[in-house]
Amino acid sequence: AATVGLNLTDIQGDIVTGMTKNRETFLFFGIADAPSFKSKLRSGVLPLITTAMQMTKNSTQPNTLVNVAFSHTGLGALNVSDTLGDGAFTGGQLADAGNLGDPGTGHWVSQFVGTSIHGVFLLASDTDANVASTVNTVTTALGDSITQIYTLQAAARPGAEQGHEHFGFLDGISNPAIQGFDDSPLPGQASVPPGEIIVGETGDPFISQRPPWAIGGSFLAFRQLEQLVPEFNKFLTDNPIRAPGFTDQQGSDLLGARMVGRWKSGAPVFLSPLADDPALGADPTRNNNFTYALNGSSTSSSTDQSRCPFSAHIRKTRPRADLGLPENTGRHILRGGIPYGPEVSDSEAASNTTSTERGLAFVSYQSSIGNGFQFLQRFWADNTGFVEQNTGFDPIIGANKGANRTVGGLDPTDPSRTITLITDFVVSRGGEYFFSPSLSALANTFTV
Ligand code: HEM
């Protein structure tokens, strides 16, 4: 990859790697007094902001990582009036709910319904105490220049489930390597021009529309996605794939793996089609090294769904060879989400019914929400004709405004069989779109 001069001390750290910590709090706030907020942010919080440089492999990370991002209305509150060249950001996520397939906003967290959230602090560490202490530092520094509108505390799952999302599948395996930040991608990892994730950098398709201060920033799509885990497990139990010689349990496991495109260990079904392979799942040099191309070629794109359904979550959201190789889609996102909510209780498991909310605090960074998060949700996950007719919805995140979802290709013994999902196992509780500015923009544009 070409050497690109990214200013890593100027870019917020979450953008390039995610927070990589087991505890994270999202503090959504409104700006009550802009002049006071500006001076307090500058003196009390700016020195705490974690940079991309601090996320490089050889750097020591602070105890608690802190990032900040602003909504469109937040920019307005600060009198930052330049157009950023991103329509989804300008409109806000509430206006986008229909595009994303949400069944209205009846399930949304009430604080996300509206445009009163001006910004979000993201604070992450290894312990709750560290996070709480830094939350206290930040909120004390800002005093009543902000109103605290909504807080979501998130945490990695305990024990052997650490790193796995609530359905049980290992997450955080496949993120793009940003050229200029990570120039030695793992096998199968997408290597993307920095401008696919970072605004104003090489490869940003809207580079000419960006005000100079926006360079080094990134758009943050935040979504609180509830996961109905007992209901998901019941669906798998009730619908095992009847493959030759399979027990019911093996058939249920295969169905779940084909819905995601990976087994719970992270092993891709494309490489291990009929059974989990935990050694493969745990090996970063192998667990992302595939393209869906049948002949293993790095340039051709002859694909089918015998080993992995076109509808599988990871294939919908990164189709690899389905759209031709070398992969150059311009639609990569950098994911930095983390689970929230407790483990499934015995009574929830016994009744197959969620009673306490849990899910994924979804975070993605991209230089264009319309090319990134919104596109993946709207034109891939929710599009039944992608990548071909009868592919159906992404069974994990595909959304049909609350109506039933058809999914193709899940049953390898009968690829033409369509399965209808009556329950949305992932329920949108809403969110907001933010811009995560560079440190120099925070110092020079946002706080003067
Ligand atoms: C990958 C789960 C929401 C985009 C994955 C993986 C899992 C997973 C288990 C495989 C691990 C990996 O490759 O890193 C979930 C769950 C979600 C969710 C449970 C909701 C609760 C979303 C959303 C999007 C998304 C909303 C974007 C619209 C992706 C992408 C990948 C991925 C791009 C990587 C695909 C690849 O590079 O092969 N997700 N996800 N996910 N997910 Fe999700």
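So, strand E7 has both faces covered: Ser 218, Leu 220, Phe 222, Gln 224 and Glu 226 are buried on one side, and Phe 219, Ala 221, Arg 223, Leu 225 and Gln 227 are buried on the other. "Buried" here is a count: 20 or more other C-beta atoms within 10 Å of the residue's own, while 12 or fewer makes it exposed and anything in between is partly exposed, with C-beta atoms placed from the backbone. And "strand" means a DSSP run of E with at least two residues, just as a helix is a run of H or I with at least four, both numbered from the N terminus.

Before I go on, this is a predicted model: local features need pLDDT of at least 70 and side-chain atom pairs count only at pLDDT 80 or more, whereas totals for chains, interfaces and linings use all residues. Residues are numbered from 1 along each chain as its sequence is written.

Okay, who sits beside E7? Strand E13, residues 426-436, runs antiparallel to E7 and is joined to it by nine bridges. Strands pair if DSSP finds at least two bridges between them. Phe 219 stands opposite Phe 435 in E13. E7 also pairs with E10, again antiparallel, over eight bridges, and there Phe 222 has Val 363 as its bridge partner.

Staying with E10 (359-366), which residues have the most contacts inside the largest nonpolar core? They are Val 120 and Ala 361, in a core of 108 residues. A nonpolar core is a set of buried Ala, Val, Leu, Ile, Met, Phe, Trp, Tyr and Cys residues joined through C-beta atoms within 7 Å. 28 residues surround the ligand, and the closest are Phe 169, Ile 173, Ser 174, Thr 317 and Arg 318. A residue is near a molecule if its C-beta atom, placed from the backbone, lies within 6 Å of it. E7, helix H10, E10 and helix H12 each supply at least two residues of that shell, and H12 gives the largest share, four residues.

Now helix H13, where Leu 439, Ala 441, Leu 442 and Phe 446 are buried. They are on the same side of H13 because they cover an arc of only 165° around the axis, the arc being that of the directions from the helix axis to the C-beta atoms. These buried residues pack against helix H2 (34-45).

Last one: is Pro 187 buried or exposed? Pro 187 counts as exposed, because it has 12 C-beta neighbours inside 10 Å. Pro 187 sits in the loop between strands E5 and E6.

Technical notes:
Contact = placed C-beta atoms within 7 Å.
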